[in-house]
Amino acid sequence: MDLPCSVGDVQVIPQKTRLVCVARVRFAGLQPRKDGFRVGFALRGWLKNPRIVKTADYGPRWRGHFVDIRSPGDLDDELRAWLQESYDT
């Protein structure tokens, strides 16, 4: 599937149960699910949005956020902006 946009120079590394997206450091990942996949990304602060299905605290500087992707329409500008912020950080 072609993604509708790009956030920058990213290396995608396949692992046993996921794909990891790396720029200078790992900033996002994709996990397959029965009905699509779950994208995870780290930001400096918490997002408040109904699309966020899970969060994780990774210490004093990083907050993990997870969004379920079930259709191509879920790959929208809002998700792209979050991934861009994670990439830039």
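I looked up the burial of Phe41 and Trp82 and found both buried, that is, under 20% relative accessible area, where over 50% is exposed and in between is partly exposed (1.4 Å probe, protein chains only). The model is predicted: local features need pLDDT of at least 70 and side-chain atom pairs pLDDT 80 or more, while totals for chains, interfaces and linings use all residues. Residues are numbered from 1 along each chain as its sequence is written, and side-chain values use heavy atoms, without hydrogens and water.

The criterion is ring centres of Phe, Tyr and Trp (its six-membered ring) within 6.5 Å, with planes under 30 degrees apart called stacked, over 60 edge-to-face and the rest tilted. The pair is Phe41 with Trp82, stacked, at 5.9 Å centre to centre and 25° between the planes. Because Phe41 belongs to strand 4 (residues 36–43) and Trp82 to helix 1 (residues 77–88), the pair ties together parts 41 residues apart in sequence. Helices (H or I, at least four residues) and strands (E, at least two) are DSSP runs, numbered from the N terminus.

Next I turned to Trp62, located in the loop between strand 5 (52–57) and strand 6 (63–69). Trp62 is partly exposed because its relative accessibility is 24%. Beyond neighbours within four places in sequence, I noted contacts of Trp62 (heavy atoms within 4.5 Å) with residues including Leu43, Arg44 and Thr89.

Finally, I checked charges over rings (NZ of Lys or CZ of Arg within 6 Å of the ring centre and within 35 degrees of the ring normal). Arg44 lies over the face of Trp62, 4.4 Å from the ring centre. Lys54 lies over the face of Phe66, at 5.1 Å.
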